[in-house]
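Have the viewer open and follow along.

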Amino acid sequence: MTIIASDTISIAAEGSAPASAGPNVVSVVVPLPLDKSFAYSLPEGQSVLPGTRVLVPFGRRSLTGVVVDEPVEDGLDLSKLKPVIDVLDDAPTFSPELLEMTRWMADYYVCSWGEALKAAAPSGIDVESQRFVESTGTVPGDSLRRVTAELLQEIMRRGRTRVSTLRSEFGGFSGSALATLERLELVRLETQTSTARVRIKHERCLELTGDALELEPEVLRNAVPGKKQRAVIDVMLGLQEDGTKSPLQSQVLRASGASSSTVKTLVDRGLLRARDIESNRAEDASPGTSHERKPDPSYHPSQKAAVDAIADALHNGGHKTFLLHGVTGSGKTEVYIAALRETIRRGRTGIILVPEIALTPQTVARFTAHFGDRVAVLHSRMSLGERFDAWRLLKSGHYSIAIGPRSAILAPLDNLGLIVVDEEHEQSYKQYDPAPRYHARDVAVYRAQMNGAVCILGSATPSLESWVNAQGGKYELLSMPDRVPVKGRAAAQLPSVTIVDLTVEKKKESLDGVISAPLKVAIADRLRRKQQVILLQNRRGYAPLVECEKCGWSPECPDCSVTMTYHKATRRLRCHYCGRTERMTGKCGNCGSSSVSQLGTGTQRVEEELSFLFPDARVARMDLDTTAQRHSHHQILDRFGRGEKDILVGTQMVAKGLDFEHVTLVGVIDADTGLLLPDFRSEERTFQLLTQVAGRAGRSDVKGEVFLQTRNPKSPAVTFALKHDYEGFADYALKARSELGYPPFGKIIAINFKGLVEHRVSALAREWTEAVIARAGDELIVLGPQPAFIARIKKHFRYHTLIKVPKGTSHARARAILRRVRDVLPATADGYYASIDVDSGGI
């Protein structure tokens, strides 16, 4: 439904007859949680295509919206329409295919079309206005209501501040109170329109002119006076001989030691020509990638069967989804490369999704070795300029392959022929905030279907949803049960797995740290043999819990309902949810006792113990703390891959997709870390993590070994991982899921609520939940509302309501009910938020 964008933003009647927008009227969606498009006027004779970005007035601000092909109601009074402020694009930003896909995302994930389009565009290109507020200095009277007076005091305390910041950080914010303060001239509101934060960057390149090239090199050198001018000519001639006819001016200046004024003189003399070209900052996003062509591999039988099946699907055309279930080390990446080679040969494009930014350097290196400069990288660690250049060059066809984590599924590629989702089971493919809260795997399947493309979902431990889809015939199952043969011999063996019961080790008094005696012996043996070790501890920091031995006090984050983690390297306590840090005093904050213990184990404690036990070992740590800097993932993995480090200890970053031939031992410090979470997927995720990290060992000609340290040796997640038995685990887990109606035998939708004052969040949650129950009747099972598992994060209290969609109710029906509730109740109001998470990923 399109509504008129007038000074009052009135909503069209539900029964209005639709009509196409005329040549001077456009329908625009904006990046707000509003399930509507808005009608705006264009100047006489001007028209824009769907997918074009426009700057439009919206209430008291300006927003970047997108023109869409939506009907508007009959009888529009054009005099009441607000005009488009500016057309921001020469050509549409969004192709018809991306418009269609984002519209489906908006419908399926119960968000607005504008929110989905915002997710598909690179950050920094929007133009929008910001509202600022400040006190006028006028002394208020005594008649102000308490809420209004408190808001005024907060504004006076802060000084000039953004209204959006005030709304999100001040629990007493009220839009009506702010309007009252402005009406009484106690505050001043100002609107400022920002420019786009990123744009095309140009660089200057130089060329020798025709006149200069007609001269012999020695004559040319003698034709210019001055040492610096001759130095520039020498560099240009040298580059010319090497085949570089148009080097960057910055490159020439560095090599010659000259300045830009020297170049200008040579340009003025007619010996050099300068011109500006568009820069490609995306080339800096993937250091150390190789463009050296790799020979095509020889495939083992199950690999060849998978390659042939996918090639047949590409040849036949049309959509098909494959679940490639291959054990760790079975050569799934070579299957992806073969499929992509066939796709490119047919003139089509491809997207390769990986679950972690940490995997991107290795993945990019393997693909660029085969596809050279056709490959672009997209991920959140790139600068705005790098990401923008990668995005626009994918859109223009300069690149035909996009590689990256979750958001790369929205890459603006035309003529898609292949989408690969590597490690498709990974929860990092689920987007939580902001909307759309999509799952990249499911979007990949839908986008492939839209484009008549092939989709490959690859994993050694597929999600139970994908496994059921394959068993039911929705996907075609391709199995690769063997590892790649080593050096012409039989297939490499899966590693042997040993369970170390930490309870027994404690009773034997052989556990004097976090590394058990059997694991110590195994590490020492690998170090002696000059082999490498990977250790997994899925908690960062030094001690996850600090506790007073006398009164039981633990330091809690004042802004989150979690205890703070001790980081020994900085001697500070850190909250892993909001980033707040405090000094570690060593004394109890309650009773003042010095008997404060550092409990639990983080990656820093493991690293410290390794340094004590094996002082000659070279240890690298990989977690969020060590990978915060640009390209740090690549640097750590590169050093480990070159053999400069003996032991790599880290969080789940080290468990997925890494392939190092000299790693023969993997140790899991605490296999129980995720088992006790109140999440129906906790067993599945633990089994997947243990199986995946075990697969890092023994991928070459030496058999690997894995040690799982646990206090729950009889847990199914552990016992099935011991045998590398995915199908056994799947049968066990699916039986329990079926009995409880959990996915894949039902759908889960969460409604999450947050805000600064708990009773207001609780009231919002009750209002929404009661509205859902009233409309759903017995069609849905509604649980809640109740406080979230972590009840407060970044000062915001959190509640949630879970909705189970039973077999008798269609998913579309459940979403329609939620949309009707969303139409009636506000999703955002004065800093309080309700968000819908379809196919909820858990707690």
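## Terms and model

Two strands count as paired if DSSP finds at least two bridges between them. Helices (H or I, at least four residues) and strands (E, at least two) are DSSP runs, numbered from the N terminus.

This is a predicted model, where local features need pLDDT of at least 70, side-chain atom pairs count only at pLDDT 80 or more, and totals for chains, interfaces and linings use all residues. Residues are numbered from 1 along each chain as its sequence is written, and side-chain values use heavy atoms, leaving out hydrogens and water.

## The sheet

Val 375 stands opposite Ile 401 in β17. Three bridges join β16 to β17 (residues 401-404), and these two strands run parallel.

Both belong to an open sheet of seven strands with parallel pairing, in the order β16-β17-β15-β18-β19-β14-β20. At its edges are β16 (375-377) and β20 (476-480), each pairing on one side only.

## A helix across the sheet

Helix α15 (residues 440-451) lies across β14 (320-326), β15 (349-353), β18 (416-422) and β19 (454-459), and runs at about 165° to β18. Axes are lines fitted to C-alpha atoms, for helices over the stretch in contact, and angles run from 0 to 180 degrees between N-to-C directions. Contact means heavy atoms within 4.5 Å.

## Two crossing helices

Now look at α8 (residues 227-241) and α10 (residues 260-268): their axes come within 10 Å and cross at roughly 75°. The two helices are therefore roughly perpendicular to each other (65 to 115 degrees). On α8 the contact is made by Lys 228, Gln 229, Val 232 and Ile 233, and on α10 by Thr 262, Thr 265 and Leu 266.

Key. Angles under 35 degrees count as roughly parallel, over 145 as roughly antiparallel, 65 to 115 as roughly perpendicular and the rest as oblique.
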